[in-house]
Structures are given as C-alpha cells and as structure tokens.
Amino acid sequence: MAILNRLKERLSRTRTELIGSLARVVRGHGCLDAELLEQMEEILIRGDVGVETTAKLLEGLKEKSRAAGQLKPGQILAILRQQIEEILGDERSKESSLPLSSTPHVILVAGVNGTGKTTSIAKLAKIYLDRGRTVLLASCDTFRAAANEQLEIWARRLGVGMVKNQPGADPAAVAFDALRAAQARGIDVLIIDTAGRLHTKSTLMEELKKIKRVIGKQIQNGPHETLLVLDATVGQNAISQARLFHEALGLSGILLAKLDGTAKGGIVIAIKDRLNIPVSYIGIGENLDDLERFDVGKFVGALFSDS
Amino acid sequence: MFEELTRRLNSALRDLRGRGKLSEKIVDEALRDVRRAMLEADVNYQVAKDFIRRVREKAIGQEVLKSVRPAQVVVKIVHDELVQLLGGEASTLDLSSSGSTVIMLVGLQGSGKTTVAGKLALHLRSRGKKTLLVAADVYRPAAGDQLSLLGEQIQVPVYVASGKKPVEICAKAKERARREGIDAVLLDTAGRWHIDKEMMQELVDIRRKVAPDEILLVADAMTGQEAVNLAKEFDALLDLSGVVLTKMDGDARGGAALSLRAVTGKPIKYVGMGEKLDALEPFYPDRMASRILGMGDVVTLVEKAKATMDLSEQRKLEEKLRQKTFSLDDFLSQLHQLKKMGPLDGLLDLVPGFEASGIVVDEKALVRVEAMINSMTAQERENPKIIEGNRKRRIAAGSGRTVQEVNQLLRQFAMIQKMVSGMGERGWEKNLLSMRSKRRKGRVYR
Ligand SMILES: Nc1nc2c(ncn2[C@@H]2O[C@H](COP(=O)(O)OP(=O)(O)OP(=O)(O)O)[C@@H](O)[C@H]2O)c(=O)[nH]1
Ligand SMILES: Nc1nc2c(ncn2[C@@H]2O[C@H](COP(=O)(O)OP(=O)(O)OP(=O)(O)O)[C@@H](O)[C@H]2O)c(=O)[nH]1
Ligand SMILES: [Mg+2]
Ligand SMILES: [Mg+2]
C-alpha cells in the first residue's frame, strides 16, 4: 500500500504542477528541447489524443523547427494549433444552416452504451425546432429498461411526436413505422434513437444495419445523416468504436457528448486523422439547450487551455 | 479487454525472450514498448511512468542478469507488478454488518450505476438476502422507471418516492429497510461530474445521513485519461470502499482499471460483462494481469484444446513447428481444429500472436480463407512465397475473392508463420506445458 500512497501523492502534485495549459508550458519553457517535448507529450496524451497522433503532431513540430531554426514559444503554439486544426477541419462542419436534403430528413443516431444518445437526440430536436422545423422522434431502443419512457419524457418536453413499440419489438420495424408516419404527416426531420451497443457485438451491429437498410429502401439517400455519439471521457477505445460503427453504417459525423466535464475528448483528433470522420456536434450538459455545432477553433482552444 | 496491450507486451517480451541475455539497454528498449502499450490502453500517463520505473528497477538487477532464462524473470516481474497494482487478491462485498447493509453506487453519467444496482440486487437476492433497490436519481428522465423495471425483472422491491430530495429518499428507504428486516439496500444515485460541487455535495450529504457500509464507484472500462481525476475526486469526498468496472464485454483495453486502482488504492470488486442483469463477475487481479501479459488465456486455450483436439494432429503440428515447415495446409487444418472447439469468436485471440496477425476469426472469414487456400496448388500451399501476380489473380478468380484478399491472407499467414516458428524455436510450448499444470479460477475476461 505504501507504493499506492506515494503514487497518490505524486498524482495530486502532478495535476496541479504539471498539467497546466500547453500555452503555459510552452511559454514557461522558451525553446523546443527534449524536456518541452516530453511535457507537451504528457499534456496531449492526458487529453486522450493518443500516442500515435501525439507523436505525429510533435514530429511535425520538430520538422518545422529543423527547417526554420529555433522557434519562439508563440510559433511553437501556432504550429501545433494549426496542425490540429488542419486535421480536424472539415467543410461539412462549417455549414451552420443545417440544410434539409429531403422531407423528411432522416437522422440515425448510434453509439455504445450510455454515451448520451437519447439525451443528445432531444437536444438535436431542439436545434431543429428552434429553426422552425417540425420534428418526429423514433424510439428504436426496444431493449433497455425504460428507454421508451425516457425518450417520451423528452418528446413531451419538446412538444414533438414519438413513435415507439413494445419492448423487445424489432427496432427496424419501429424505424419503418416512424418513417411512414413522418412521411404521412409531412414532418421535416425524423431522428431515430437506437439502443446502446458495443461495436464488437456483431449481431447487434447487424441489427443496426437492418435499420439503415429499411430506411434506405423507404426513402432516397436515407438516412441522410448517421451520427455516432461518443462520450468525451472515452479513451483510445473510441477509435475501435468509430471504425466498427463506420464500417457498419457509414457515419456522417460524430456527436461528442459530455464535453462539459474536464475531459478534452482529444481522441476525435485521432479519429478524424485516421478514419476521416468529422465531429458535427458537441454536447455540453444535460439540458435541452446544451448542444452546439462543432467549432474547430473553440475545441482546440479548450485543448490548449487549463482544465 | 487488454487485447492490444497484450499484443504489444507480447511483442516486447518476445524480443526479450529471443535475445537470451538481458542488458540495461534491452530492458529499456522493451520497457519503452511496454510504456507505449500501456498508454495506448489508456493507463494514465503518470501511472504508466511509475509502473515502468518500478519494473526497470527490478529488472535491471543481478538476479535477472545471472539467471538462466532472463526473459522469464522479466515476464514475472511485469506480471507481479501488474498484479500488485491491480490489487493483489480478489475482494467482494462485505455483508457482515448486522442489520441492513447499505450500498451506495456513485459515478459519472451513463457509467452503468442503475444496471449495476440491478445486477447486485440479483446477486444478493440469489444468495438469499432480502434486498431493496432505491431510486435516488431524481434528475434523469425516467430514471425511476428504469430501476422499477429492473426490480420487476428480478423480483426485488424498488423504493421510489417522487417529489422528494435524494437525501430524504435514502434516509426513508433505510428506515423502511430496518422496519422490514431487509438485509441489503442499494442506493442508485444520479450520474454526475466529479467537478460539480453542488452535485458532489449531495452525495456527501447522503453519506452523512445514511452512513452507507459500502460506497462503490461505478466506472466505464472505456474511460480514458480522465479516470484518475474522477477517481481521486470521488474518493476524496466519499472515501470509496471499492470500484465496479463496467462494459468489460467489449474490446476496451481497460487501462483505466490500473489508473483507478492506483489513485484510490481501493479494490476493484466487480466487473460488468454485459447489459443483462446476470452479467456481473468478481474481479480477479491475477487474471487481469495474466491477460495483460497474454499468458492466462493460453491456459484456457490449452485446456480446451486438450479436450477437443486430435492428439495425433497436435503432435504433427508440434513437429512442424520444430522443423519450421508450417504451411498453409497446416494453417487451414488448425483453423478447422479451432472451429471444433466451439464459437470461434474470441478463441483465436487467446493465442499469443494470433491477434497481432489481424486475422478475422468469424465463421464467414474462415469460409473465405478456406476458399482461397483451396484454390491454391499443393506447391503453393507448401511454399506461399512463390505466389506472385499471375498466381494471385488465378487464386482470386478461382475462389471468387479479390487479389487484395489473397494478399491479405498471405500477409497474415507470413506473420503467423513467423510467430509460430519463433514459438517452436524458443520453447513457447514449454511455457504452455508448464502452465497446463497450473490451476486457474476459470474463464478469463474478454
Ligand atoms: N453532463 C452531461 N451529461 C450528459 C450529456 N449527454 C448525456 N448526458 C447524461 O449521460 C447519461 C446517459 O445519457 P443517455 O442519453 O441516456 O445515453 P444513451 O447513449 O442514450 O444510453 P443508452 O441508451 O443506455 O445506451 C444521462 O445521465 C444524461 O443526462 C452531456 O452532454 N453532458
Ligand atoms: N455492454 C454493457 N453495457 C452495460 C454494462 N453495464 C451497463 N451497460 C449499459 O450502459 C448503459 C448505461 O447504463 P445505466 O445503468 O443506465 O447507467 P447509469 O450510470 O445509471 O446512467 P445515469 O443514471 O444516466 O448516470 C445502458 O445501456 C446499460 O445497458 C456492461 O457491463 N456491459
Ligand atoms: Mg438511450
Ligand atoms: Mg442511472
């Protein structure tokens, strides 16, 4: 236990002393040497950026410094920031108008257990409602206890309709019914909630594919958006999640929920870098207004600042 | 879990084995890889650093350098350190207190508290304990409904009181438990941020009011670097009695387990292995450590293999490994042998190195692999090196696959070949044999 206590002490010291902002560390150090690189590595890794992407970013920095000679702190920060923004940048996330490709515009939402899908769907509905669109929700989580009840409460708060079925029903059938209803009622946006599932469970992933197929048969190019909800506190496993959900569904974007805590969600940099899946939205709380379009500048700013 | 870490450790340690001698330089090289593996597994930066330092201190010593088989000494050091960090012996709930034992579940949003409450209730009920579930989450929409439905499923009563504050709910529930002679009370609290002062204060108030016998932090096995901070805050305010690690049924490398344990010093008591309420298992640090090293599962595999594998086939294979003539034919027959052992899913990655080869192990993939191998000539199967452009195209056409798939198969086979020849040479079988005799507590996490 002595070792553990020592470690505990060290960790608390570490947090206050070492995990300052990248900005502070770079300014405080001055020149790009091995020590600064290690400190930057620590900050990036502790932001869940991952070993590989961190190494790539720092390598880029070293290269620039080899070419340009000794970099000033301001330059170091600017280069690092620019590199990250370049990885994360995506035309799609710049669109603030949320165009509707068809009526209804169908959004399928998926992810592993407990990441924030249902809550995010309520918030997403709010965004469309605020823009004067009509919204219908589909409760295709027929597995988890009280999944219907949970979404129903949100639907009531939002004043929108919801299509559901009995627990244990075929989720694809619910999606089908919901799409029919949306078409019949001339709804602008249909958002489909699905049960949380681990990406490694192939039968559950097949079930998702079926939902997607059913929608695709019923409406051209549907679903028009397929969002993967990631929990911002997630670590490197998010890469596996993104890869397998992308393989199954072809993701249009990531919704990074729970970014209102202290976790930086740095893993999305690695995901964009390796799989080219952009971040579309960020969730920043448990209330209806706590969803924002992803803003690269803001996100990177937070990564560079104190936590 | 820990697959990737296992893979990396395996490759790092294989190097050590290969060299035979253990210099400071070699240890450092290998530990650099181990460190990287740990970080990729989400072990906290500082925890990993500390771990490496300790292992290094022990590894670079007389004992290791003088020993006959230095690599095994290092394996043992890494393993022992992991076991120690993970908590030594297994530990579960303490239900010895007289009257009703109160167990409080806390954690971040969506970590699995409500599900764990249901799982523990089922566990306790099936051990003959009169149990009460308490819905102390008044914030999340339908949180009470969720717990009520779970209680219904397992026939455990649920205390729900709408319009009351969580502190009051918990106090009232405890009163009821005392009145009704209930053995165990499970408090399902709302998810919250460890940095949310107000919400954390609520937990402190509940604790003061009902004095729970156990306060368990429910944490997601997929948690990243933040694990240390949340564990530290929850522990500092509530003096946790233990941790439950959920969602271990996926492929999360689970380095958070190491971090949680390191900063709180509290035992990981259970792991969640699925969404169903019976998917709760005790936590065995040694299994986890073995898993990290990629050794524990070998035991399971060997036992399973002994029961189902054709012994003469097995001998033939061992001979081939020794003579380094492992061919695609042998590979195919191995896959068939493995298939006989039961669901392929998860079995192959129990073999050290197999996982690293990137071979997909579902039945469909096996059919594809089989088709490609069947389209090869005997000569090609014996010596895949001769398969170039034209042959690849012929094989692809013959099996209805693409040239890329043929390439992939050949690449993966080359890796396996390399790996198994290393085994034959360096006495991996001896390792396997020595582990056969070692008794295990049962299934290993995956
Ligand atoms: N602080 C915070 N909490 C969130 C956010 N999004 C979701 N949550 C909380 O996370 C928990 C899980 O959210 P859900 O929406 O039920 O998650 P889910 O992915 O639908 O869960 P399953 O359907 O069980 O897989 C709830 O307590 C939510 O209030 C967010 O952006 N910030
Ligand atoms: N695969 C898997 N899923 C799990 C496990 N434990 C819980 N879950 C799922 O994770 C999701 C969240 O679980 P909950 O029990 O609702 O989590 P919670 O901590 O109570 O959530 P809040 O009350 O919103 O903070 C649900 O979809 C559960 O079914 C597990 O061990 N494995
Ligand atoms: Mg949900
Ligand atoms: Mg809950």
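Me: Which backbone atom is 2.7 Å from an oxygen atom of ligand 2?
Reply: A polar backbone atom of B:G112. Keep in mind that this is a predicted model.

Me: What about B:S111, how far is its backbone from the ligand?
Reply: A polar backbone atom of B:S111 is 3.2 Å from an oxygen atom of ligand 2.

Me: And which side chain has an N or O atom 3.3 Å from an oxygen atom of ligand 2?
Reply: That of B:E275.

Me: How much of ligand 2 does the protein bury?
Reply: The protein buries 96% of the 660 Å² that ligand 2 exposes when taken alone.

Me: Where does ligand 2 lie?
Reply: Ligand 2 sits between chains A and B.

Me: Which residues come nearest to it?
Reply: There are 23 residues around ligand 2, and B:G112, B:K113, B:T114, B:T115 and B:R140 come nearest.

Me: Which element gives the largest share of that shell?
Reply: Helix α6 of chain B, residues 113–126, which supplies 4 residues.

Me: How do the shell residues divide into nonpolar, polar and charged?
Reply: The shell around ligand 2 has 12 polar, 8 charged and 3 nonpolar residues.

Me: Changing topic. How many salt bridges over all chains?
Reply: The structure holds 38.

Me: Which residue of chain B meets A:E41 in a salt bridge?
Reply: B:R35, with a distance of 2.9 Å from N to O between the side chains. The pair crosses between chains: A:E41 is in helix α3 of chain A (residues 34–46), and B:R35 is in helix α2 of chain B (residues 24–40).

Me: What accessibility does B:R35 have?
Reply: B:R35 has a relative accessibility of 23% and counts as partly exposed.

Me: What does B:E202 pair with?
Reply: B:E202 forms a salt bridge with B:R192, and their closest N and O atoms are 3.1 Å apart. This pair links distant parts of the chain, 10 residues apart. B:E202 belongs to helix α9 of chain B (residues 197–210), while B:R192 is in the loop between β4 (184–189) and α9 of chain B.

Me: Is B:R192 buried or exposed?
Reply: B:R192 is buried, at a relative accessible area of 1%.

Me: What is the partner of B:R394?
Reply: B:E380; the two side chains meet in a salt bridge at 2.8 Å, N to O.

Me: Which residues are joined into one network by salt bridges that share partners?
Reply: B:D50, B:R53, B:R54, B:E57, B:K58 and B:E81.

Me: On to the backbone. What kind of peptide bond runs from A:T103 to A:P104?
Reply: A cis bond, with omega near -5 degrees. A:P104 is in the loop between α6 (91–94) and β1 (105–110) of chain A.

Me: What is omega for the bond from A:G222 to A:P223?
Reply: Omega is near -10 degrees, and that bond is cis. A:P223 is in the loop between α10 (202–218) and β5 (225–231) of chain A.

Me: What is phi of B:A211?
Reply: Near 45 degrees, a positive value in a residue other than glycine. B:A211 is in the loop between α9 and β5 (214–220) of chain B, and is partly exposed with a relative accessible area of 48%.

Me: And B:D239, what about its phi?
Reply: B:D239 has a positive phi of about 45 degrees, although it is not a glycine. B:D239 is in the loop between α10 (227–238) and β6 (242–246) of chain B, partly exposed at 46% relative accessible area.

Me: Last one: where is A:T134?
Reply: In the loop between α7 (117–130) and β2 (135–140) of chain A. Leaving aside neighbours within four places in sequence, A:T134 is in contact with A:G186, A:I187, A:D188 and A:V189.

Definitions and conventions: Residues numbered from 1 in each chain as written. Chains lettered and ligands numbered in written order. Predicted model: local features only at pLDDT ≥ 70, side-chain atom pairs only at ≥ 80, totals over all residues. Heavy atoms only, no water. Helix = DSSP H or I, 4+ residues; strand = E, 2+ residues; numbered from the N terminus. Contact = heavy atoms within 4.5 Å. Salt bridge = Lys/Arg side-chain N within 4 Å of Asp/Glu carboxyl O. Buried < 20%, exposed > 50% of the residue type's maximum accessible area, 1.4 Å probe, protein only. Near = heavy atom within 4 Å. Polar contact = N/O pair within 3.5 Å; in protein donor to acceptor, adjacent residues only side chain to side chain. Areas by Shrake-Rupley, 256 points an atom, 1.4 Å probe, with all protein chains shown as cover. Nonpolar A, V, L, I, M, F, W, Y, C, P; charged D, E, K, R; others polar.
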